[in-house]
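Here is a note for a colleague meeting this structure for the first time. Please read the points with the model open beside them.

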Amino acid sequence: MKCPRCKVELTRKMFENHPVDACGKCGGLWVHRHQLNELLDESHGDVESSSIDSREHKDKFPAAKCLSCDNRIMKKINFMEFSDIIIDYCPGCGSFWIDGQELDMMHDYIRRVEEGSHLVKDRSAYSILARLSQIAYRIYH
Ligand SMILES: [Zn+2]
Ligand SMILES: [Zn+2]
């Protein structure tokens with residue numbers, strides 16, 4: 001599989017025995033919804049039950065094409081509603097593409113919550129975000 005942004009081959013990394021595809025060039029992450037649910041077991045979160053809203057959101061990145069669904073254009077969704085983190089999601093196969101910069105935003109968001117400068121209403125959604133951020137951190141550091 002090639003990175004939807006820079007077209008270089010993604011590297012398969014292991015996180016607690018689960019494969020995650022990462023781009024060594026742009027720092028993006030390709031994760032399937034099912035993979036994510038397995039990874040989230042510990043945090044008692046569930047991506048399926050968490051809101052993935054259907055409205056279109058814009059960010060500065062062009063829409064990515066799904067690596068699994070024959071170049072189907074992915075949707076931009078507001079991850080976990082409460083955050084302003086817009087990620088690419090494929091409604092066809094349930095894959096997520098998270099840009100390197102979006103991962104940085106997640107780390108930053110979590111830091112603000114930990115510091116107490118941001119109040120979280122939805123703890124289960126937050127635990128998903130925290131877990132995702134932890135996965136990305138471990139993969140790239
Ligand atoms: Zn890339
Ligand atoms: Zn797809």
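1. Asn 71 sits in the loop between H1 and S4. Helices (H or I, at least four residues) and strands (E, at least two) are DSSP runs, numbered from the N terminus. Phi of Asn 71 is near 65°, a positive value in a residue other than glycine. Asn 71 counts as exposed because it has 11 C-beta neighbours inside 10 Å. The scale is as follows: buried means 20 or more other C-beta atoms within 10 Å of a residue's own, exposed means 12 or fewer, and partly exposed lies in between, with C-beta atoms placed from the backbone.

2. A word on the source. This is a predicted model, where local features need pLDDT of at least 70, side-chain atom pairs count only at pLDDT 80 or more, and totals for chains, interfaces and linings use all residues. Residues are numbered from 1 along each chain as its sequence is written, while chains are lettered from A and ligands numbered from 1 in the order in which they are written.

3. Glu 16 also has a positive phi, near 45°, and is not a glycine. Its place is the loop between S1 and S2. With 11 other C-beta atoms within 10 Å, Glu 16 is exposed.

4. Gly 92 belongs to the loop between S5 and S6. It is partly exposed, with 14 other C-beta atoms within 10 Å. What does Gly 92 touch, leaving out residues up to four places away in sequence? The answer is Cys 66, Cys 69 and Arg 72. Contact here means C-beta atoms, placed from the backbone, within 7 Å. Arg 72 is 20 residues from Gly 92 along the chain, and their C-alpha atoms are separated by 8.2 Å.

5. Now the sheet. In what order do the 6 strands of the open sheet stand? The order is S1-S2-S3-S6-S5-S4, and the pairing is antiparallel. Two strands pair if DSSP finds at least two bridges between them. Strands S1 (11–15) and S4 (75–78) are at the edges with a single partner strand each, so one side of each has no neighbour in the sheet. From one strand to the next, the twist averages 35°. Angles run from 0 to 180 degrees between N-to-C directions, and axes are lines fitted to C-alpha atoms, for helices over the stretch in contact.

6. The pairings can be followed strand by strand. S1 and S2 run antiparallel and are joined by 5 bridges. Arg 12 stands opposite Asp 21 in S2. Strand S2 (residues 18–22) is joined to S3 (residues 29–32) by 2 bridges, again antiparallel. Asp 21 faces Trp 30 of S3 in this pairing, standing opposite it. The hairpin of S2 and S3 has 6 residues between the strands, and there Gly 27 takes a positive phi near 80°. S3 is also joined to S6 (residues 95–98), by 4 bridges and antiparallel. His 32 stands opposite Ser 95 in S6.

7. Asn 78 is part of strand S4. It counts as partly exposed because it has 18 C-beta neighbours inside 10 Å. Asp 88 is 10 residues away along the chain, with 8.8 Å between the two C-alpha atoms.

8. Next, the core. A nonpolar core is a set of buried Ala, Val, Leu, Ile, Met, Phe, Trp, Tyr and Cys residues joined through C-beta atoms within 7 Å. The largest one has 34 residues, of which Leu 29, Ile 87, Phe 96, Trp 97, Met 106 and Leu 129 touch the most other members. At least two residues each come from S2, S3, H1 (33–39), S5 (86–89), S6, H2 (100–115) and H3. H3 gives the most, with 8 residues. Trp 97 touches, among others, Pro 4, Trp 30, Met 74 and Ile 87.

9. Finally, the helix pair. H2 and H3 pack at about 125°, with axes 9 Å apart. They are therefore oblique to each other. On this scale, angles under 35 degrees are roughly parallel, over 145 roughly antiparallel, 65 to 115 roughly perpendicular and the rest oblique. Residues making the contact include Leu 103, Met 106 and Ile 110 of H2, and Tyr 126, Leu 129 and Ala 136 of H3.

Terms used
Contact = placed C-beta atoms within 7 Å.
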